[in-house]
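Student: I'm new to this one, and I'd like to know where the labels come from. Can we go through them together?

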Amino acid sequence: ILFTQAVTSYRLDLGPDPPVEVLPADMVQFWSTLPRSMLTLFQVITSGLDWVAAIHVLSFLSPGWVALFVLYICFMQLAVLNVLTGVFCQNAIESA
């Protein structure tokens, strides 16, 4: 929700006909709606999308959004996915 809101606010601040150099096409593709933002976040953590492409768009907004995105990637990759893998491996070991 945060990334979608930030991109929407940025687009509204630019006005109805912004120049291409300040509104890349990827911004609409990755972050324009909540379902697209959720899909982008899912694709980034499952290697379906290169995170550099998604982060490039956020760099137009502010370095703070880039930092938040990197923290999201780190948290999801290092914490959540490793815990899920550990639980799966532990269950496999116990059942063997």
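Student: Is the crossing of helix 4 and helix 5 left-handed or right-handed?

Tutor: The crossing of helix 4 and helix 5 is right-handed. A crossing gets that name if the near helix is turned clockwise from the far one by less than a right angle, and it is left-handed if anticlockwise. Before we go on, this is a predicted model, where local features need pLDDT of at least 70, side-chain atom pairs count only at pLDDT 80 or more, and totals for chains, interfaces and linings use all residues. Residues are numbered from 1 along each chain as its sequence is written, and side-chain values use heavy atoms, with hydrogens and water left out.

Student: What makes helix 4 roughly antiparallel to helix 5?

Tutor: Helix 4 (residues 51–58) packs on helix 5 at an angle of about 150 degrees, with the axes 9 Å apart. Angles under 35 degrees count as roughly parallel, over 145 as roughly antiparallel, 65 to 115 as roughly perpendicular and the rest as oblique. So helix 4 comes out roughly antiparallel to helix 5.

Student: Which residues of helix 4 and helix 5 meet there?

Tutor: From helix 4 come Trp51, Ala54, Ile55 and Leu58, and they meet Trp65, Val66, Phe69, Val70 and Ile73 of helix 5. Contact means heavy atoms within 4.5 Å. The residues of this contact divide into nine nonpolar, no polar and no charged. (Nonpolar covers Ala, Val, Leu, Ile, Met, Phe, Trp, Tyr, Cys and Pro; charged covers Asp, Glu, Lys and Arg; the others, Gly among them, are polar.)

Student: And why is helix 1 called roughly antiparallel to helix 5?

Tutor: Helix 1 and helix 5 pack at an angle of about 160 degrees, with their axes 11 Å apart. That makes helix 1 roughly antiparallel to helix 5. The contact is made by Leu2, Phe3 and Ala6 on the helix 1 side and by Trp65, Leu68 and Phe69 on the helix 5 side. Helix 1 passes helix 5 in a left-handed crossing.

Student: How many aromatic pairs does the whole structure hold?

Tutor: A search of the whole structure finds four. Rings of Phe, Tyr and Trp (its six-membered ring) pair if their centres lie within 6.5 Å; planes under 30 degrees apart count as stacked, over 60 as edge-to-face and the rest as tilted.

Student: Why is the pair of Phe3 and Trp31 called tilted?

Tutor: The ring centres of Phe3 and Trp31 are 5.2 Å apart and the planes stand at 45 degrees, so the pair is tilted. This pair links distant parts of the chain, with Phe3 in helix 1 (residues 2–14) and Trp31 in helix 2 (residues 25–31), 28 residues apart.

Student: What makes the pair of Phe3 and Phe69 edge-to-face?

Tutor: The centres of the Phe3 and Phe69 rings are 5.8 Å apart with planes at 80 degrees, so this pair is edge-to-face. Phe69 sits in helix 5 (residues 63–95), 66 residues from Phe3. Ring pairs link Phe3, Trp31, Trp65 and Phe69 into a cluster.

Student: How do you know that Phe3 is buried?

Tutor: Phe3 has a relative accessible area of 8%. Buried means under 20%, exposed over 50%, and partly exposed in between (1.4 Å probe, protein chains only). So Phe3 is buried, and Phe69, at 0%, is buried too.

Student: Why does Asn82 count as partly exposed?

Tutor: Asn82, in helix 5, has 46% relative accessibility, so Asn82 counts as partly exposed.

Conventions:
Helix = DSSP H or I, 4+ residues; strand = E, 2+ residues; numbered from the N terminus. Axes fitted to C-alpha atoms, helices over the stretch in contact; angles between N-to-C directions.
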